[in-house]
Amino acid sequence: MPFHAAEAPKPLLELRDLRISFSSVDAPSVLAVEHLSLSVYPNEFVALVGPSGCGKTTVLNAMAGLICPDAGEVLFCGQPIQGVNPRVGYISQADTLLPWRTVLDNVALGLTLRGWSKAERRERARDLLDSMGLSGFETNYPHELSGGMKKRVTIARTLAIEPEILFMDEPFGPLDAFTKQKLQDDILELWERLGQTIVYVTHDLQEAISLSDRVLLLGGRPGRIRSEYEIPLRRPRRVMDLKFDEAFLTLEKAIWSDLHEELSQEEAPS
Ligand SMILES: Nc1ncnc2c1ncn2[C@@H]1O[C@H](COP(=O)(O)OP(=O)(O)OP(=O)(O)O)[C@@H](O)[C@H]1O
Ligand SMILES: [Mg+2]
């Protein structure tokens with residue numbers, strides 16, 4: 001069948017030739033990102049991987065409209081974004097719950113800011129907590145939960161506002177391997193059920209391959225897209241089933257050697 005350009009899927013989010021620098025009065029300015037372009041399509045799960053300091057969080061912040069690039073464009077549904085984009089959900093590296101609010105009220109928080117009534121907020125928050133396996137913990141406070149449970153509450157809080165795209169920045173970094181794997185499976189299940197679009201930042205290559213449709217490897221200082229890998233592993237996926245899958249291991253090896261090359265270039269004397 002002939003291919004018509006009109007049938008090509010349109011990106012939900014697009015970064016075009018971004019340049020982002022940081023300046024301060026008492027330090028030289030840092031060029032964090034340069035000539036960076038990428039597109040994210042509806043319902044895609046995209047992982048951003050790369051060495052520490054290569055600009056992953058900076059790119060995510062630009063996608064969310066939290067920082068304004070020096071040059072280039074950030075488009076959401078084809079339109080340039082103006083300021084913070086209210087249609088995105090963002091789980092940051094250091095995301096925390098409000099310690100003085102109960103689990104239920106933490107999840108309902110974003111809905112308060114959107115003008116929902118108390119009864120509506122609580123009903124929605126209860127449903128989300130139920131879907132995250134946290135029924136029965138509504139009246140607990142964050143300090144009474146495990147690290148993994150706190151993460152689940154953070155995810156429920158972010159999903160409460162029904163974001164059109166979800167950004168996650170190293171969401172499970174400090175957790176133990178078993179809790180992390182359970183949460184990764186929860187995210188896969190959520191993504192499959194809700195048809196979310198997710199951009200997921202991680203240092204963990206196995207995590208990136210297990211979860212995503214596409215892995216973008218960032219490199220260099222300033223940051224840019226070094227390479228892009230399609231992940232054709234079948235869905236639905238469960239993280240444990242993939243660990244010894246031959247196609248998974250082949251992909252991991254290829255991306256590792258690419259990453260290793262990037263790290264060697266970083267270390268080489270200039
Ligand atoms: N607010 C800021 N002010 C000054 N420099 C910044 C600021 N935010 C980031 N940078 C610099 O921009 C570069 C990219 O930082 P960024 O936090 O995006 O990296 P990253 O890839 O997320 O790293 P990590 O994996 O360690 O989280 C770094 O050199 C960092 O020092
Ligand atoms: Mg970061």
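This is a predicted model: local features need pLDDT of at least 70, side-chain atom pairs count only at pLDDT 80 or more; totals for chains, interfaces and linings use all residues.
The protein chain is assigned two domains. Domain 1 is made of two segments, 1-87 and 167-270. Domain 2 spans 93-163. The C-alpha centres of domain 1 and domain 2 are 26 Å apart. Contact between the domains involves 18 residues of domain 1 and 11 residues of domain 2.

The size of an interface is often given as the accessible area lost when the parts come together. Between domain 1 and domain 2, the buried area is about 1100 Å². Carbon and sulfur atoms contribute 59% of that area. On the side of domain 1, the greatest losses of area to domain 2 fall on Leu183, Leu190 and Gln196. Together these residues account for 29% of what that side buries.

One salt bridge is found between domain 1 and domain 2. The side chains of Arg152 and Asp186 form a salt bridge, with an N to O distance of 2.9 Å. Two elements of domain 1 give two or more residues each to the side that touches domain 2: strand E7 (165-169) and helix H5 (177-194). H5 gives the most, with eight residues. By class, this side of domain 1 comprises nine nonpolar, three polar and six charged residues.

Ligand 1 is surrounded by 13 residues. The closest are Ser52, Gly53, Lys56, Thr57 and Thr58. For the side chain of His203, the corresponding distance is 2.9 Å.

Most residues other than glycine have a negative phi, and most peptide bonds are trans. Several sites in the model depart from this pattern. The peptide bond from Arg221 to Pro222 is cis, with omega near 5 degrees. Pro222 sits in the loop between strand E9 (214-219) and strand E10 (224-230). Arg235 and Pro236 are likewise joined by a cis peptide bond, with omega about -5 degrees. The loop between E10 and helix H7 (239-242) holds Pro236. Asn43, which is not a glycine, has a positive phi of about 70 degrees. Its place is the loop between strand E2 (27-40) and strand E3 (45-49).

Key
Residues are numbered from 1 along each chain as its sequence is written. Chains are lettered from A and ligands numbered from 1 in the order in which they are written. Side-chain values use heavy atoms; hydrogens and water are left out. Domain bounds come from an automatic or database domain assignment. Contact means heavy atoms within 4.5 Å. Buried area is the accessible area (1.4 Å probe) that two parts lose on being put together, summed over both. A salt bridge is a side-chain nitrogen of Lys or Arg within 4 Å of a carboxyl oxygen of Asp or Glu. Helices (H or I, at least four residues) and strands (E, at least two) are DSSP runs, numbered from the N terminus. Ala, Val, Leu, Ile, Met, Phe, Trp, Tyr, Cys and Pro count as nonpolar, Asp, Glu, Lys and Arg as charged, and the others, Gly among them, as polar. A residue is near a molecule or strand if one of its heavy atoms lies within 4 Å of it. A polar contact is a pair of N or O atoms within 3.5 Å; within protein, one must be able to donate a hydrogen and the other to accept it, and residues adjacent in sequence count only if both atoms are side-chain atoms.
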